[in-house]
Amino acid sequence: MNTNPQTLTWVDNSIRELKDQGLFTTIRTLSSPQGAWLVVDGRDVLNFCSNNYLGLANDKRIVKAARKAMKHYGVGPAAVRTIAGTMDLHIELESRLAAFKEAEAAILFQSGFTANIATIPALVGRDDAIFSDALNHASIIDGCRLSRAKIIAYAHNDPDNLREQLVAHRDTFDKALIVTDGVFSMDGDIAPLPALQALAEEFGCMFMVDDAHGEGVMGQGGRGIVHHYGLQGKVDVEIGTMSKAFGVVGGYVAGNAAIVAWLRQRGRPFLFSSAMTVPDTAACLEAVNILEESTELVDRLWDNARYFKAEMQRLGFDTGQSVTPITPVMLGDEKLTQMFSRRLFEEGVFGTAIAFPTVALGKARIRVMISAAHSRSDLDRGLEIFGNVGRELGVLA
Ligand SMILES: *Cc1c(COP(=O)(O)O)cnc(C)c1O
């Protein structure tokens with residue numbers, strides 16, 4: 001030990017502070033595959049917190065595809081894409097994703113987070129501006145910061161405010177980028193893409209949408225938020241993630257072919273971090289096959305979500321502004337929300353408390369993630385327990 005213990009007392013103090021404020025995150029451990037039910041810390045619980053929208057994370061066809069690919073290619077890519085890490089599997093997945101999203105081209109990254117921090121600094125720099133929705137995802141914010149462009153936040157989902165900002169600032173900068181989440185993951189509301197796209201065109205800005213929670217959920221057969229609005233070909237960059245509805249892991253950019261070509265030259269995580277692994281890539285390919293084959297899973301997801309949300313509202317819960325299967329149960333107070341989550345868990349429901357800094361102070365909630373993997377009786381069981389805990393803690397009358 002050569003560290004002076006006093007130099008690290010701030011860590012203990014900071015953790016104690018988090019605990020005092022009800023902001024300390026307890027991480028639970030799963031010992032089962034993802035699905036409607038999980039084994040968490042040794043107990044069977046109903047799963048209300050994964051992003052496994054379509055139940056693909058443990059889909060037999062996907063597991064089989066990954067296994068088959070590993071027989072032929074092994075496991076690791078052993079290099080970055082630009083040196084010796086590009087396999088025909090990667091190229092195939094890129095072209096299949098571009099076709100699925102009806103985009104000109106696509107490029108893979110290791111995750112959605114990586115796709116954002118690769119793309120934004122490749123598009124804008126010191127003399128440029130980024131107009132960014134005030135509630136954009138952390139990975140967009142980090143990508144913006146890395147770029148060193150001027151970051152101008154506009155009010156959440158407010159094209160009028162964006163216009164004011166563009167009028168005030170656009171001329172001061174060389175290039176400009178407008179960037180937004182498609183689906184906002186904490187509230188389940190969606191960005192007004194047609195109005196934002198029109199402003200991008202009017203003010204000569206590049207336009208970028210992060211479709212992490214729209215993929216496999218929104219649009220025809222889960223083609224995403226851009227497809228939902230019929231804006232194919234009008235969005236320069238769509239960020240995709242394969243860690244949510246696709247049930248695997250991995251990220252990509254779909255969009256303008258020139259931008260995709262540029263990212264192969266200047267996307268730093270593409271150049272300096274290894275390629276997606278073989279089983280991940282093969283699994284994602286099979287997920288695209290499944291989505292292209294049938295809309296059954298996407299339809300079931302929406303049926304489940306509509307049912308659950310309507311019943312929660314009937315019980316008297318505030319489920320916020322969501323228009324997607326994301327169902328926030330708004331509780332407000334951080335400590336109440338942690339207590340609510342703990343009581344749910346004791347009753348056999350796994351629903352994570354989400355609080356500051358993921359959402360604003362005083363806006364704590366349990367975020368219920370509905371999946372196609374849930375049966376109607378799973379949902380009914382969840383509703384019953386939510387009702388009981390809600391009455392016990394005085395949230396419901
Ligand atoms: C989850 C999420 C990401 C990160 O995706 P990963 O593939 O898990 O890294 C990026 N952007 C948004 C909006 C997200 O919700």
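Helices (H or I, at least four residues) and strands (E, at least two) are DSSP runs, numbered from the N terminus. The model is predicted: local features need pLDDT of at least 70, side-chain atom pairs count only at pLDDT 80 or more, and totals for chains, interfaces and linings use all residues. Residues are numbered from 1 along each chain as its sequence is written, and side-chain values use heavy atoms, with hydrogens and water left out.

The shell around the ligand has 14 residues, of which G112, F113, D210, T241 and K244 come nearest. A residue is near if one of its heavy atoms lies within 4 Å of the molecule. Helix α5 (residues 112-123) gives the largest share of this shell, 3 residues.

Polar contacts are pairs of N or O atoms within 3.5 Å. A polar side-chain atom of D210 lies 2.6 Å from a ligand nitrogen atom. For T241, an N or O atom in the side chain is 2.5 Å from a ligand oxygen atom. A polar side-chain atom of S243 lies 3.0 Å from an oxygen atom of the ligand. On its own, the ligand has 380 Å² of accessible area (Shrake-Rupley method, 1.4 Å probe). The protein covers 85% of that area.

Domain bounds come from an automatic or database domain assignment. Domain 1 (21-53 + 296-392) and domain 2 (59-293) both give residues to the lining of the second largest pocket, so this pocket lies between them. The lining of the largest pocket draws at least three residues from each of domain 1 and domain 2. Its largest share, 4 residues, comes from α14.

Technical notes. Polar contact = N/O pair within 3.5 Å; in protein donor to acceptor, adjacent residues only side chain to side chain.
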